[in-house]
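Visitor: I have just opened this structure for the first time. Could you walk me through it and tell me how the descriptions are reached?

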Amino acid sequence: MMTFQVSNMSLALPEMFMLAMACIVLMVVAFLGKKGTDLVYRLSQLTLIITAIIIYRSIGEIGGLTFDGTYIKDAFSDVLKLAICLINVVVLLYSTAYLKARNLFKGEYYVLALFSTLGMMVMVSAYHFLTLYLGLELMSLCLYAMVAMHRDSSVATEAAMKYFILGAIASGMLLYGMSIIYGVTGTLSIASVANVIQAGGIDNTVLSFGLVFLIIGIGFKLGAVPFHMWLPDVYHGAPTAVTLFIATAPKIAAFAMAIRLLVDGLADVHQYWQDMLIMLSILSIILGNIIAIAQTNLKRMLAYSTISHVGFILLGILSGSAEGYAGSMFYALTYALMSLGAFGMILLMSRQGFEAENIEDYKGLSERNPWYALMMLILMFSMAGIPPLVGFYAKLAVIKSIVDVDLLSVAIVAVLMSVIGAYYYLRMIKVMYFDQPTQQTDLQSPTEMRVVISANALAVLALGIFPGSLMAICISVFS
Amino acid sequence: MLTNFPLLSLVIWLPIIGGIGVLLNGDNNPWARPLSLLIAVITLVASLGLYTGFDTATYQMQFVEHASWIAAYNINYSLGIDGFSMPLIILTAFSTVIVVVAGWEVIQHRVSQYMAAFLIMEGLMIAVFSSLDAILFYVFFEAMLIPLFLVIGIWGGPNRVYATIKFFLYTFFGSVFLLLALLYLHHVTDSFSILDYQQAALSMQQQTWLFLAFLIAFAVKVPMWPVHTWLPDAHVEAPTGGSVILAAITLKIGGYGLIRFALPIAPDASMALDWLVIGLSLIAVVYIGFVALAQSDLKKLIAYSSIAHMGFVTLGLFIVFRIFANSATGSGAVLAVEGAMIQMISHGFIAAAMFLCVGVLYDRMHTREISAYGGVINTMPKFAGFAVFFAMANAGLPGTSGFVGEFMVILAAFQANFWFAFLAATTLILGAAYTLWMIKRVIFGEVANDNVAQLTDINRREFLMLASLAAIVLIMGLWPAPIIDVMHSSVEHLLTQISQSKI
């Protein structure tokens, strides 16, 4: 007799809700057209908030695999999905005024944002190569379209093309790596891959060959050197609201992908991927920090700073210890928070017909707007890793993990480069605090955005004074 | 007695929270100045409680506070003071009062921010001196850079941006090695407690690397030759208050760090590499002394003289190994370390006073060039009296605090090696030469030009400020026993720690 087993749907409840709502929002866009954009915006925010609540309420409930072992709900996925949803709530809030001022306030933006968020959530919860790939593509395709939304801008179109082509190559690499690993292990399920490798008796040469392609894919998506080429152009070329979107939550999703593949699937061949990641990480930290110094455009500078932060995130992963993974997770989460604030500040300073994306535009900000200058100061010092701001503890956590596995030379390079990195953040503060203002215009941003951006920067400070609880969460996820 | 009252937390957080309060009050608030002064004075009074409640008989940490801070990594909010940190905390609290008073009329631009920066910095510096947890120490050690960076950058001179970024990157460069050393020690001891670090058994190789890391971190702060170049730039560009805090406190953190970390954690490496520190210290004393002689800028001259004086601190701390080797009793070692400590505290007062004197002149003439002055005594007799007194103290005249520390270190150096003492003693000539020559050119002689002729003498505020410093310098010079008593047990404990091999 045949039994038909229904998978445990409830484990994927947040994704299902998100999918249903995204479809509804799509219908609203299709039927109401331009008139309904405000409604679409509200609905999207509501969707993200309710999804976050669903995820929050499910924390601590029994998790596990579902859909034939292709999908997992565990503490790791809960925390990251919650972070992704909350960050995207803030992202949408920051971008609205900017989009309105540039005639980009369209329903499609929000539909794409929702589907992209869904893709990120699938990536975080994937426990099967195919699921992972599906999530990745869902996220990436939406992002390509979002970058291209500003159709009249040649820079944005160029960025979208670059992003699409390089992203497609990366996906191809990843897929190729997955297929090689399938060839060696005979399975696509991450859990089974781990079991087969643990059991031994497989060809490690071929396995490590496949691993190389996986690492390339991960490197591309995170933006690690030498697979970083797309990142500065896309950050620079995309409308700032989209840059904000790309720079925050997708990094968390890419981090989750790295953890799922390397730690959940291939932890037993740690020695193979450790060396590769050391190269990627060191190169990212060195190149990101040094090239960022030469930038005059704030978005490009932050793009290179992202590259160096990615290098730090990789440091924790490559340590191969639970504490290192926890450190990386802490880093990824807090980096998303800082990045959110920094790009949010660019949006806050921009107004109709003016992009506040050059470092020059921030001259004398502390005279014009002492409060927002202080907020930006907090964000910049945090990115530089100066205590008592949260960026310091992120660096502390990952560097501690590599000191604990005796990779002292890597640690020395990392800390020396963070001294070089401090320079361009200091320059930003110098421009804001020590230079005289050249323009006198008031902020035109809506009140709620000002409140949230202040809360965002103050959260960076508060987490810097009491980092304990978030660190405890990250550690408990991996223990 | 209120033994459980968290007095240390009070003196740390009162200025920080008060500073934030002043900051939030907004610029050009007429209450910013009095409120800041009130906070600074209350903090000073509270910090005196650390002195009156201090038990001089023990080397153990006192006023201990302990609370879990980042439980996941076992990082604690752990505070305590001993004979080394207590005097430095009071020095910090006192200097901040002086800085607030010094900026009273001078600072007219973003007053609240200025006062807030110094108050917050006061809390952070006191916290550095009282942290017993390595990460807590590092957090405050680094956080201190932020307000100082802003103070130099916002209220500084024409070349302030260069100076402040140089200052920040230099010290940040030093401190990342400190962070690595602290993390490595955690790897070895599985604890972040500084006291546990001090008891860790370490091989010679481990100690050597740790020692070098500590040395880089703290040598930049002290600053020792050849990593001193940020100091003259920072001093010249900083506003008077910034110079006072830099000279009086932040340099002392370097010396304090060597006492708290380098010597007790890596005693064998300290012994093996003492030639390095002694050599650099003697270069600082002799070579920098000559450099000071050649300066034409008042602040630069005092900055270089600071480096030379701090050379005595590092010299005093590291000649102890030679003294142990030469004499069985090691009584000279106590003299050396105590001399170094006295030198730190005394330099805190004297350098602060010297920078204030320059500030007084600069506020009136807006130049620091020595050649722009001459015959100031004719128009500012009261000021000239103070300036000459502090110059004498800077040159190490007996009866002032400047004499005590230098004399103790030179005396101890004789037990280590005659030539050390000989070279160190050249400061008595060099120091007198550059200080007195400066005084001669600035204060004495005929009125040099019209600007000097129009100078007005110091007002009550300035008089009070300089008089209180002069009184302390005099008292410390005539009767240094109370300070020596306070630190005696801790010094002996340090010497026991470093005389035992850890290998």
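Guide: What follows is a short talk about some helices, a chain contact and a proline in this predicted model.

Visitor: Let's start with Pro267(B). What makes Pro267(B) buried?

Guide: A residue is called buried if 20 or more other C-beta atoms lie within 10 Å of its own. Pro267(B) has 23 such atoms within 10 Å, so Pro267(B) is buried. Pro267(B) sits in helix H12 (residues 267-272) of chain B.

Visitor: Which residues does Pro267(B) touch, leaving out those up to four places away in sequence?

Guide: Those are Gln497(B), Ile498(B) and Lys502(B). The C-alpha atom of Ala384(B), 117 residues from Pro267(B) along the chain, is separated from that of Pro267(B) by 46 Å.

Visitor: Why is helix H5 (residues 134-143) of chain B called largely enclosed?

Guide: Because 10 of its 10 residues are buried, H5(B) is largely enclosed by the rest of the structure. Among the buried residues are Phe137(B), Tyr138(B) and Glu142(B). The cover over the buried residues of H5(B) includes strand S2 (75-81), helix H4 (111-130) and helix H7 (160-189) of chain B.

Visitor: Why are H11(B) and H16(B) called roughly antiparallel?

Guide: The axes of helix H11 (residues 240-265) and helix H16 (residues 331-365) of chain B cross at roughly 165 degrees. Angles over 145 count as roughly antiparallel, and therefore H11(B) and H16(B) are roughly antiparallel to each other. Their axes come within 8 Å, and H11(B) passes H16(B) in a right-handed crossing.

Visitor: Which residues meet there?

Guide: From H11(B) they include Ala247(B), Lys252(B) and Gly255(B), and from H16(B) they include Met344(B), Phe355(B) and Gly359(B). The residues of this contact divide into 10 nonpolar, 5 polar and 1 charged.

Visitor: Now to chain A. How do you know that H14(A) is mostly covered?

Guide: By counting: 27 of the 28 residues of H14(A) are buried. Helix H14 (residues 322-349) of chain A reaches 41 Å from its first C-alpha to its last, close to the 40 Å expected at 1.5 Å a residue.

Visitor: How many residues does each chain give to the contact between chain A and chain B?

Guide: Chain A gives 25 residues and chain B gives 26. On the side of chain A that touches chain B, helix H17 (390-404), helix H18 (408-433) and helix H20 (468-477) of chain A each give two or more residues. H18(A) provides the largest share of that side, 11 residues. The residues of that side divide into 20 nonpolar, 2 polar and 3 charged.

Methods. Residues numbered from 1 in each chain as written. Chains lettered and ligands numbered in written order. Predicted model: local features only at pLDDT ≥ 70, side-chain atom pairs only at ≥ 80, totals over all residues. Helix = DSSP H or I, 4+ residues; strand = E, 2+ residues; numbered from the N terminus. Expected span 1.5 Å × (residues − 1). Buried ≥ 20, exposed ≤ 12 C-beta atoms within 10 Å, placed from the backbone. Contact = placed C-beta atoms within 7 Å. Nonpolar A, V, L, I, M, F, W, Y, C, P; charged D, E, K, R; others polar. Axes fitted to C-alpha atoms, helices over the stretch in contact; angles between N-to-C directions. Parallel < 35°, antiparallel > 145°, perpendicular 65-115°, else oblique. Left-handed = near helix turned anticlockwise from the far one by under 90°.
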